[in-house]
Amino acid sequence: MMDKIDKTDEEWRAQLTPEQYKVLRQAGTERAFTGQFWNHKGEGVYACAACGAPLFDSTTKFDSGCGWPSFFDSLEQDRIIRHEDNTLGMRRVEVLCAGCHSHLGHVFPDAPQTPTGERYCINSVCLNFAPKK
């Protein structure tokens, strides 16, 4: 299990852009088809924009048509935390970074075309990308 990174709200606000803060720390969502990684095709690793923890490999990224980066699995199961989310009148499973407990997006069991049957729908603003060397 990853050690949790604890920062004050003031420290997060100083580190993150206003959009990153809204999504990562306040569980917001960026608009579909607007993030830098929704249609990204590079080979490499996607990491948490807040703490740098590696989260997803490009080999698990797929085009789900939802407008956000979609992955069918995380690098390791201990890299993410699943949390029941009943906001907005919906029953969903929120995905948090295990390193800093920042909101990343949601995971849905609606991808039968993938090996896991799951679709991690992740906000681009929550990710940084390191290309494969």
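# Close-up views of a predicted model

Phenylalanine 37 is buried, with a relative accessible area of 6%. The views below are taken from a predicted model, and they begin with the surroundings of this residue.

**View A. Phenylalanine 37 and phenylalanine 129 form a tilted aromatic pair.** The ring centres of phenylalanine 37 and phenylalanine 129 lie 6.3 Å apart, and there are 50 degrees between the planes. Because phenylalanine 37 belongs to the loop between α2 (18-25) and β1, whereas phenylalanine 129 belongs to strand β9, this pair ties together parts of the structure that are 92 residues apart in sequence.

View B. Tyrosine 46 lies in strand β1 and phenylalanine 129 in strand β9, so the pair ties together parts that are 83 residues apart in sequence. Tyrosine 46 is buried, with a relative accessible area of 0%. The structure holds seven aromatic pairs, and one aromatic cluster is formed by Phe37, Tyr46, Phe56, Phe71, Tyr120 and Phe129.

**View C. An open sheet of three strands has the order β2-β1-β9.** The pairing in this sheet is antiparallel, and its edge strands, β2 (54-57) and β9 (127-131), each pair on one side only. Neighbouring strands of the sheet are turned against each other by 30 degrees on average, with direction ignored. Strand β1, which covers residues 44-48, pairs with β9 in the antiparallel sense over five bridges. Within β9, alanine 130 is the bridge partner of valine 45.

**View D. Another open sheet has six strands in the order β3-β4-β8-β7-β6-β5.** The strands of this sheet are paired in the antiparallel sense, and the edge positions are taken by β3 (61-62) and β5 (80-85), each of which pairs on one side only. Strand β5 is joined by six bridges to strand β6, residues 92-97, and the two run antiparallel. The bridge partner of glutamate 84 is valine 93, a residue of β6.

**View E. The charged end of lysine 7 sits over the ring of tryptophan 12.** The distance from this charged end of lysine 7 to the centre of the tryptophan 12 ring is 5.0 Å. Aspartate 6, which lies in the segment before α1 (9-15), is exposed, with a relative accessible area of 62%. The C-alpha atom of aspartate 6 is separated by 6.7 Å from that of cysteine 100, although the two residues are 94 residues apart along the chain.

**View F. The largest cavity is lined by residues that include Trp38 and Trp68.** A search of the whole structure finds one cavity of 30 Å³ or more, and the volume of the largest cavity is about 40 Å³. Besides Trp38 and Trp68, the lining of this cavity consists of Phe62, Asp63, Ser64, Gly65, Cys66 and Gly67.

How values were computed: Residues numbered from 1 in each chain as written. Predicted model: local features only at pLDDT ≥ 70, side-chain atom pairs only at ≥ 80, totals over all residues. Heavy atoms only, no water. Pairing = 2+ DSSP bridges. Helix = DSSP H or I, 4+ residues; strand = E, 2+ residues; numbered from the N terminus. Axes fitted to C-alpha atoms, helices over the stretch in contact; angles between N-to-C directions. Phe/Tyr/Trp six-rings, centres within 6.5 Å; stacked < 30°, edge-to-face > 60°. Buried < 20%, exposed > 50% of the residue type's maximum accessible area, 1.4 Å probe, protein only. Lys NZ or Arg CZ within 6 Å of the ring centre and 35° of its normal. 1 Å grid on protein atoms, 1.4 Å probe; cavity = no way out; pocket = protein on both sides within 12 Å on 5 of 7 lines; lining within 4 Å. Points joined across faces, edges and corners; volume = space filled by probe spheres on them.
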